[in-house]
Amino acid sequence: MDSRELGYFVAVAEELHFGRAAERLGMAQPPLSRAIKQLERRLGVELFERTSRKVVLTPAGEVLLHEGRHALDALAAAARRTRRAGQTEPKLVIVMKPAVSYTFMDRLLAAYAEEPDAVPVELMICGFGEQAGILRDGRADLALLHMPYDDTAGFDTEVLRVESAVAALPATHRLAGRESLMMADLAGEPLPRWPGMTEDEASGPEVRETGQLKYLIGLGKVVAVLPESAKEDLPEGVVTVPVLDGPVTTLMLGWPERSRSRAVAAFVRAAQRATDWHQRLGLVGEEVGDELRA
């Protein structure tokens with residue numbers, strides 16, 4: 001099986017119509033039909049059930065569609081990474097959503113700049129939940145991922161920090177003065193509706209990016225449960241309250257499995273060093289705070 005045949009199959013499987021698939025591929029229908037029949041003979045299975053009215057995938061076809069998409073994506077990603085590796089002026093592309101703390105990111109970049117194998121860094125800011133796809137398709141070398149929300153399949157990873165949850169509220173909100181909250185305290189509040197969520201899952205407006213979320217919180221249109229680092233970058237008039245039973249978020253650095261990039265390896269080393277320093281600083285801060293309170 002070659003990539004051209006696989007591309008033909010995926011087009012028919014997604015369209016479930018040979019005519020539309022042929023038009024999408026820019027070819028005539030008869031050679032497309034012959035190519036699919038040849039593929040079925042080679043694999044020894046039927047990939048489609050054909051009637052005069054419709055075309056449907058067989059169980060074998062459903063498996064090949066799933067595997068074929070991954071294979072074609074991997075080929076496209078390999079081509080992108082190869083072209084970037086051959087650039088005369090190499091760079092390291094890191095994809096992230098803007099929810100990552102400015103202070104923490106600045107520390108990571110400063111630590112990386114000290115590495116002998118460091119190259120110029122390009123930050124690609126994306127929308128919610130887009131990092132894994134961009135890393136997987138080869139547009140980026142590294143991604144800052146948030147577990148349990150992002151898919152890390154096919155990546156090597158390094159844990160950078162584990163964060164408890166806070167509720168971000170307008171300063172005038174009825175719960176803003178509380179020392180802590182439980183998720184049950186937020187029942188009935190308008191929570192942001194992230195992409196892919198239904199109105200039954202969240203009653204607030206749909207939110208697609210961080211700036212929009214901050215604006216809506218400030219206006220009192222939503223209440224959001226966020227990782228605790230989010231409190232560093234919230235606008236004036238918005239306060240945070242710890243949510244004791246809120247979701248724990250793990251910030252992870254991800255890169256393609258078995259990557260041999262020296263620039264990637266250098267960034268991972270720098271991230272480990274910066275994270276260790278950040279954790280030690282946090283512990284010292286907690287000790288000083290305890291002494292002051294005592």
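Let's start with Ala-263, which is found in helix 8, residues 262-293. When I say helix or strand, I mean DSSP runs, H or I of at least four residues for helices and E of at least two for strands, numbered from the N terminus. Before I go on, this is a predicted model, where local features need pLDDT of at least 70 and side-chain atom pairs count only at pLDDT 80 or more, while totals for chains, interfaces and linings use all residues. Residues are numbered from 1 along each chain as its sequence is written, and side-chain values use heavy atoms, with hydrogens and water left out.

Back to our alanine. Is Ala-263 buried or exposed? Ala-263 counts as buried, because its relative accessibility is 12%. The cut-offs are these: buried is under 20% relative accessible area, exposed is over 50%, and partly exposed is in between, with a 1.4 Å probe and protein chains only. And what is Ala-263 in contact with, leaving aside its neighbours within four places in sequence? The partners are Leu-92, Tyr-112, Asp-117 and Val-119, where contact means heavy atoms within 4.5 Å. Val-121 is 142 residues from Ala-263 in sequence, yet their C-alpha atoms are 9.8 Å apart in space.

Staying on helix 8, have a look at Gln-272, which has its place there too. With a relative accessible area of 32%, Gln-272 is partly exposed. Gln-272 and Tyr-149 are 123 residues apart in sequence, and from C-alpha to C-alpha they are 22 Å apart.

Arg-258 is not a glycine, but its phi is positive, about 60 degrees. This arginine is exposed, with a relative accessible area of 68%.

There is another residue of that kind towards the start of the chain. Leu-16 also is not a glycine and has a positive phi, of about 50 degrees. You'll find Leu-16 in the loop between helix 1 (3-15) and helix 2 (18-25), and it is partly exposed at 35% relative accessible area.

While we are on backbone geometry, where is the cis peptide bond? It joins Met-147 and Pro-148, with omega about 15 degrees. Pro-148 sits in the loop between strand 5 (142-147) and strand 6 (155-163).

Now let's move to helix 7, residues 210-218. Which of its residues are buried? They are Thr-210, Leu-213, Lys-214, Leu-216 and Ile-217. Looking down the axis of helix 7, these buried residues fall within an arc of 165 degrees, so they line one face of the helix; the arc is that of the directions from the helix axis to the C-beta atoms. Their cover includes helix 5 (102-113), strand 7 (165-170), strand 8 (224-227) and strand 9 (238-243). After helix 7 comes Gly-220, with a positive phi near 80 degrees.

The loop between strand 7 and helix 7 deserves a stop as well. His-173 lies in that loop and is buried, with a relative accessible area of 17%. Not counting residues up to four places away in sequence, His-173 touches Glu-189 and Val-223. Glu-206 lies in this loop too, but it counts as partly exposed at 29% relative accessibility. With the same exclusion of residues up to four places away, Glu-206 touches Arg-193, Pro-195 and Gln-212. Ala-140 is 66 residues from Glu-206 in sequence and 27 Å from it in space, C-alpha to C-alpha.

Finally, let's zoom out. How many helices and strands are there in the protein? There are 8 helices and 10 strands. The radius of gyration is 24 Å, well over the 19 Å that the globule rule gives for 294 residues, so the protein is more spread out than a compact globule. That radius is taken over C-alpha atoms, and the rule is 2.2 Å times the number of residues to the power 0.38. Along the principal axes, the C-alpha atoms fill a box of roughly 80 × 50 × 25 Å.

Buried residues make up 39% of the 294 residues. Of the contacts between residues at least 6 apart in sequence, 69% join residues at least 24 apart.
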